[in-house]
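Let's get to know a protein model by asking it a few simple questions. Have a look at the sequence and the structure first, then follow along.

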Amino acid sequence: MGVILGYSNLYAADAVEAALPDAGAARALLATHADGLPGRILAVAQRAGQGLAEAEIARHVDATVLGLARLGLRHGSFGDDPHDYHSEVHVMELAERRLGRVMDALGDGALPPADWLALLVFSACHDLRQRERFDVPGPVGGNEAASIAETFRILDACGFGREADRAMYVAQELMIAGSTFDARPLPHADAEDLATAAGGSLARGLGLWLDGDRPEWTGDPDARRGERLGRLAADLDTANVGEAFVHLADSALRLCRERERRAGRALDRAGSGPTCLGFLSRGQLFYFFDLHRFSSREGERVYGPGKAANGPGVRRVSAALLQRFEHEPPASGQAVLAAFEALCAAEGA
């Protein structure tokens, strides 16, 4: 049996893949832009892969380094299409801070080394593509499907084999698919088709969707493992809700800047004021209290208490931001960002 979803041939390689065909090219790029990152990734991998052969750890490091470098060149600070959120910075916050916190809380032995290493590779590869123009049938986003296709090519280039290492390919396929985040309103709680219901991370309903679309998946140990890891991966991806308030605020600011940049709205112009205000006030309430749900027991155990503690602060900041501009519309998006940042700094003090 091959992979589960079959997206690997739908999205072709691009110029970034050609420019960085392997881990050696990735390291050469990072040597001129961020030379400390490969060593930091290696440190995480050595902890995650305790007990495994050096060569096994090394190929996971290569895949993570290659994924990070390609994302940094395509959408991050190494290239000419910088994204404020979906960049090499987001890779490292997952790979180091969030994954490290889960390992600290659960213990290094809570998952097999291969699972920790799969989550490390996911951190670098789940957001590889951010500007795809077509989606695949079903609930998986086009960006995620294209990221799956490229991740398979990254694994190929880093010493993995699609037959010998099928479990790794299936895990990445289902983890990245499950990271699809739908920002539309949730349906009514008793909606009939929860498998494709809008709202939040797909990982929570991925198994239900597979039941209808790929019913044989439950008989496949690799797929069951991938679905389970997909739920934890989704929680890592959205763990900002349960981190320190400063990190939650920073992620909101970065996402807001990225949205405005992609929409072509300059932050120093009046046109960006209303959209920034909506995103950083009611939008944060909607994300935090309505869209976000933990997908795994592990994620909720580690980040649930932090989310509960952050809830009142999210409400206070959102209310204060709306009050700040209640009688005087914001002069620009930057004015909203500055007000939000000041309110969050006071909240987190």
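Predicted model: local features only at pLDDT ≥ 70, side-chain atom pairs only at ≥ 80, totals over all residues.

Q: Is S295 buried or exposed?
A: The relative accessible area of S295 is 10%. Buried means under 20%, so S295 falls on that side of the cut-off and counts as buried.

Q: How far apart in space are S295 and L236, C-alpha to C-alpha?
A: Along the sequence, 59 residues separate S295 and L236. In space, going from C-alpha to C-alpha, the distance is 9.8 Å.

Q: Is P329 buried or exposed?
A: P329 sits in the loop between helix 14 and helix 15. Its relative accessibility is 65%. The cut-off for exposed is over 50%, so P329 counts as exposed.

Q: How far apart in space are P329 and A270, C-alpha to C-alpha?
A: If you count along the chain, P329 and A270 are 59 residues apart. Now go through space instead, from C-alpha to C-alpha, and you get 9.2 Å.

Q: Is S332 buried or exposed?
A: S332 is found in the loop between helix 14 (297–324) and helix 15 (333–348). Leaving aside neighbours within four places in sequence, S332 is in contact with L267, D268, R269, A270, S272 and G273. Its relative accessibility is 10%, so S332 counts as buried.

Q: Which residue has its backbone nitrogen 3.2 Å from a polar atom of the side chain of S332?
A: Start at the side chain of S332 and pick out its polar atom. The backbone nitrogen lying 3.2 Å from that atom belongs to A335.

Q: Which residue's side chain has a polar contact of 3.5 Å with the side chain of R70?
A: R70 lies in helix 4 (residues 54–74), and at 2% relative accessibility it counts as buried. Leaving aside neighbours within four places in sequence, R70 is in contact with V16, E17, L20, P21, L128, E150 and I154. From that list, the partner whose side chain makes the 3.5 Å polar contact is E17.

Q: Is helix 6 oblique or parallel to helix 8?
A: Helix 6 (residues 113–125) and helix 8 (residues 166–178) pack with their axes 10 Å apart, at an angle of about 50 degrees. That angle makes helix 6, relative to helix 8, oblique.

Q: Is the crossing of helix 6 and helix 8 left-handed or right-handed?
A: On the helix 6 side, A118, L119, V121, F122 and C125 make the contact, and on the helix 8 side M168, Q172, M175 and I176 do. These residues divide into eight nonpolar, one polar and no charged. As for its hand, the crossing is right-handed.

Q: How many of the residues in the contact of helix 12 with helix 13 are charged?
A: The axes of helix 12 (residues 273–280) and helix 13 (residues 282–291) come within 3 Å and cross at roughly 30 degrees, so the two helices are roughly parallel to each other. L277, G278, F279 and L280 of helix 12 meet R282, G283 and Q284 of helix 13. Three of these residues are nonpolar and three are polar, and the number that are charged is one.

Methods:
Residues numbered from 1 in each chain as written. Heavy atoms only, no water. Axes fitted to C-alpha atoms, helices over the stretch in contact; angles between N-to-C directions. Helix = DSSP H or I, 4+ residues; strand = E, 2+ residues; numbered from the N terminus. Parallel < 35°, antiparallel > 145°, perpendicular 65-115°, else oblique. Left-handed = near helix turned anticlockwise from the far one by under 90°. Contact = heavy atoms within 4.5 Å. Nonpolar A, V, L, I, M, F, W, Y, C, P; charged D, E, K, R; others polar. Buried < 20%, exposed > 50% of the residue type's maximum accessible area, 1.4 Å probe, protein only. Polar contact = N/O pair within 3.5 Å; in protein donor to acceptor, adjacent residues only side chain to side chain.
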